[in-house]
Amino acid sequence: MSELFDLTNNVAIVTGASRGLGQYFALALAKAGADLVLTSRNSTDIEPFAQEIKSLGRKVITVDLDVENLQSIENMVSQAVSVFPKIDILINNAGCNIRKPAVEVSWSDWNSVVNTNLRGSFFVAQKVAEHMLKKQYGRIINIGSVTSVSGFAGLAPYCASRGGIKQLTMSLADEWGKSGITVNCLAPGWFETAQNKVLYENKQWLDYICDRIPIGRPGRPHDLDGAVVFLASKSSEYITGQTLLIDGGVSTGATKATV
Ligand SMILES: NC(=O)c1ccc[n+]([C@@H]2O[C@H](COP(=O)([O-])OP(=O)(O)OC[C@H]3O[C@@H](n4cnc5c(N)ncnc54)[C@H](OP(=O)(O)O)[C@@H]3O)[C@@H](O)[C@H]2O)c1
């Protein structure tokens, strides 16, 4: 690993590490040398994954976290700093989605998606930043989405929450930049995980989406490795407030103007 991307002696919190992208991010950071705080609403579920990371020679703790509950956020951060002397990196990944036509979205659907994805990410960043500010160093990576920059039918609350993440990222970057903390948004395109499995089981939809992606396929786990390590490392020191799309180009619009 080049010195530029070496995360040895860095401590990273990865929220929502019980499956999917959270585990891809955690593994990439651990391979680059980081010790980890892994969270789930039921942290016993992530013990097998934590063991996998420990076998790479990293220190790992698993902590309960429900981002819909402020006390749970405060407890998670307290536990992290009681074990590790500092937190260098936060991957604000915990999130959820509800796919429905806009006219069918209920009050509670909206609250669930927006509170988890947007309010949760803000308060996790706030509580972690309190400690980063003391050390005058931090790398906060908010997980956005291609929906941070474009609209998608059937995803109104989700797109609103992810658009908010892009704006939140810019505001926090502005506020904490002079204190050595960078805040960026890593925005994946279409990756198959538990959250969207039902779509990928539909061949017609899969053909449709692949046709819209300039690189011609959905994302694979390792497609995110380079970007997350880069934004988590010292090499991205002069980059803050940005949204980096890892989406095979689908955010270009990818609409044919020829026949
Ligand atoms: N997959 C994609 O194509 C894609 C694309 C762009 C962005 N994203 C975003 O990337 C993140 C991960 O996506 P994914 O596909 O891996 O999703 P996933 O398989 O549904 O995993 C979501 C993770 O978030 C955690 N979580 C959900 N609600 C939570 C809450 N209230 N408090 C704390 N943790 C909570 C879950 O943990 P527990 O259930 O164990 O608590 C789980 O580990 C999400 O924010 C998602 O919106 C995904």
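Reader: At roughly what angle do the axes of helix α3 (residues 70–83) and helix α4 (residues 107–135) cross?

Author: Happy to start there, with a note that this is a predicted model, where local features need pLDDT of at least 70, side-chain atom pairs count only at pLDDT 80 or more, and totals for chains, interfaces and linings use all residues. Residues are numbered from 1 along each chain as its sequence is written. The axes of α3 and α4 come within 10 Å, and they cross at roughly 30°.

Reader: Is α3 roughly parallel or roughly antiparallel to α4?

Author: Angles under 35 degrees count as roughly parallel, over 145 as roughly antiparallel, 65 to 115 as roughly perpendicular and the rest as oblique. With a crossing of roughly 30°, α3 is therefore roughly parallel to α4.

Reader: Which residues of α4 meet α3?

Author: Contact here means C-beta atoms, placed from the backbone, within 7 Å. From α3 come Leu-70, Ile-73, Glu-74, Val-77 and Val-81; their partners in α4 are Phe-123, Val-124, Lys-127, Val-128 and His-131.

Reader: Which residues come nearest to the ligand?

Author: A residue counts as near if its C-beta atom, placed from the backbone, lies within 6 Å. Helix α1 (residues 20–31) gives the largest share of the shell, three residues. Of the 31 residues around the ligand, the nearest are Gly-16, Ser-18, Gly-20, Arg-41 and Gly-95.

Note on methods
Helix = DSSP H or I, 4+ residues; strand = E, 2+ residues; numbered from the N terminus. Axes fitted to C-alpha atoms, helices over the stretch in contact; angles between N-to-C directions. Contact = placed C-beta atoms within 7 Å.
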